Structure formats: C-alpha cells, structure tokens
Amino acid sequence: MSAGAAGDRQASLTDVAGLAGVSHMTVSRVINGTGPVRPETRARVMAAVEELGYRPNSAARALVTGRSGTLGVVALESNLYGPASTLHGIENAAREAGYAITISSVSRPGRSSIADAVEILRRQAVEGIVVIAPHVTAGQALAGVPSAVPVVAVGGGEGAPVPVISVDQYDGARRATEHLLALGHRTVWHIAGPEDWLEALERERGWRETLERHGAEVPPVVRGDWSPASGYAAGRVLAKKVPDGLDAVFAANDQMALGLLRAFTEAGVGVPADVHVAGFDDVPEAAYFTPPLTTVRQDFIEVGRRTFGLLTERMGGGDQHVRHLVEPELIVRESTGPR
C-alpha cells in the first residue's frame, strides 16, 4: 500500500494500521502514547504515518487521551499594536511548548459574545482558554465563563474571577511621568485612551497619581481613541497652550503621540525644543518618528510566556485568583532630549 492508495482523501488510522501490518489499537497506542509498544513496532507505525502523511484528529485524540494539544484564545478583533502583540506572544509561547492555537474572535467584547466564543472553543476540545480582555466589559464578562474549562485572562482587571496576567500599566505611566517631571517640568499633560479600556484607565491613573505625589498640578485630560488622528486633534488643541506654559505631554500610546507630533510640527512647536513628548508601547516605528520617541516598552513575549505558564498551572488545578504583573521599561529617545 502506498500513500496514493487512499486517493485524495486524508489518510485514516485504519490506513496506517494496514500499511504497518498492526492492529488499529496498536496504532492508537503509538499516536496517543497510551500504552507500551515494542520499539520495532513503533518504528513501523511511525514510518507508515510519515509515508501516508497521516495527521491525528484532535477531537478523536482528546476522547482517547483527555488531551487535544490545542489551546483556545478569545481575542478582540483589533489591529491595535497591544492586543495584536499580546496574541503573537501567546502563540509564540504555545508553539515552543508544542501546542497549537485556535482563535475565536469577537467584534464587541460583551458578556454574551465572550461566553459564545468560549463555548465555540470548548466544542473544539481545547485544553485551556486565554481571554485577551483589555476592555472593561470583557473583564466583567469573565464572570459568566463556565468553570468546566481552565481560563486565564490577559488584562481583565482586579475583579476578574480567573487568573490574570498583564503588563503593569500603572507603573509604566508612572515611569513616563516621573521622567518628564525629572526634566524640570512643573506638570505633564496627558492624552488618554478610551474610557472603556482598562489599559487607558490604568495609564491615566498612573499619570494622575504620580503628579499628585509630586505636588504637581493635574491638568485636564485630553481624550483620544488610540488613533493617530485623535492624537493629531489633541495636538492642535494642546499647541495653543504652549505659549501659556505647556511644555510636557505624555500620550497613552505611540500612535496618538505620532499624531501629536504632526500637529505640533504644523503649529511651529518644536519637540524637544519647546515641548517634551513621551508615548507608550514602543511600536517598531517609534525609533523612527521625528524626533525618535521616548516611550514605555511592553514585553509581549514575556506576557505570552507567563500566560502560558499560568494556564498550565490552572489546567493542573492551580489557584484561580493569581495575579501576575510584567514590568515595563522606559525607553528614552530624542523626544525628551536636551532643549
């Protein structure tokens, strides 16, 4: 029997058994590692698997072993750098550990959409699920996730009823704000992200409380939506305040900082000559902004590694109330350089 004997259809366990000259159960034991098999028999089975291009069905394997080798990820449909990089970090960690990833995307993060996405993944026999939950409603929706499958959240807030891993957004904002204050500024203005994003709220809180600890005036927040366009609109407003003493701005992400820089350039406001600017995320392009942007770097590979480790612990019956924070790093570039 050759690889072509099965025609165009996918090779089955029976095909492998016939080619190797062994029973169906022997092939199952080899594929799933569920029982002793003589080395020479195992070698014949694996040779047949290779020749036929056989790929085990994950759902069928899960019925035999209780393991599918697959993890599920519930992700918000977004091209924003943070959520996309978080997903990449999780995929990287899972792949290194030999797991496949199945993604269930939601367009709007609500209780029913999260629950539906989790149910879709459960039907695919995933061993555990990661919910990327940067949105306020996504964090709240975790309360409705059934306990039958291990779940870990990236983000999700303090009240999430599952283990949570996140970058310390508060500390990142603190670092950026203290850096600007250390340059001699009396206060720091802030372009904040949307109010329904947990990361935006934590960055705003870190900025505000840092100013308060240093006895600095807290200016009114200028609200954006993460986009360069909203940063540009904020920049046009803030440029008018430079003659009144505005000389430092912390933007809640690098894309809004990019729009801010464009608006300042058009208004004849120099960075760093007139105003120092810092962002958050350290997108790959940040080092090539004009000027290169001082920003807060998030280690998404470490987030992925810790998320996978936390999910593995949860799959083994670990504590569901664990909270892990990944430390951010301040990257200083020319946008806060000498004036």
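I call a residue buried when its relative accessible area is under 20%, exposed when over 50%, and partly exposed in between, using a 1.4 Å probe and protein chains only. The model is predicted, so I kept local features only at pLDDT of at least 70 and side-chain atom pairs only at pLDDT 80 or more, while totals for chains, interfaces and linings use all residues. Residues are numbered from 1 along each chain as its sequence is written, and side-chain values use heavy atoms, without hydrogens and water.

Helix 3. I took helices (H or I, at least four residues) and strands (E, at least two) as DSSP runs numbered from the N terminus. In helix 3, I found Thr-41, Val-45, Ala-48, Val-49 and Leu-52 buried. Seen down the axis, these buried residues fall within an arc of 105° (taken from the directions from the helix axis to the C-beta atoms), so they line one face of the helix. Pro-39 and Glu-50 are exposed on the other side of helix 3. After helix 3 comes Gly-53, with a positive phi near 65°.

I then traced an open sheet of 6 strands, paired in parallel and ordered 2-1-3-4-5-11, where pairing requires at least two DSSP bridges between two strands. Its edge strands, each pairing on one side only, are strand 2 (100-106) and strand 11 (323-326). Strand 1 (residues 70-76) pairs with strand 2 over 7 bridges, and Thr-70 has Ala-100 of strand 2 as its bridge partner.

Ser-166. I located Ser-166 in strand 5 (residues 164-167), and Ser-166 is buried at a relative accessible area of 17%. Leaving out residues up to four places away in sequence, Ser-166 touches Gly-155, His-324, Leu-325 and Val-326, contact meaning heavy atoms within 4.5 Å.
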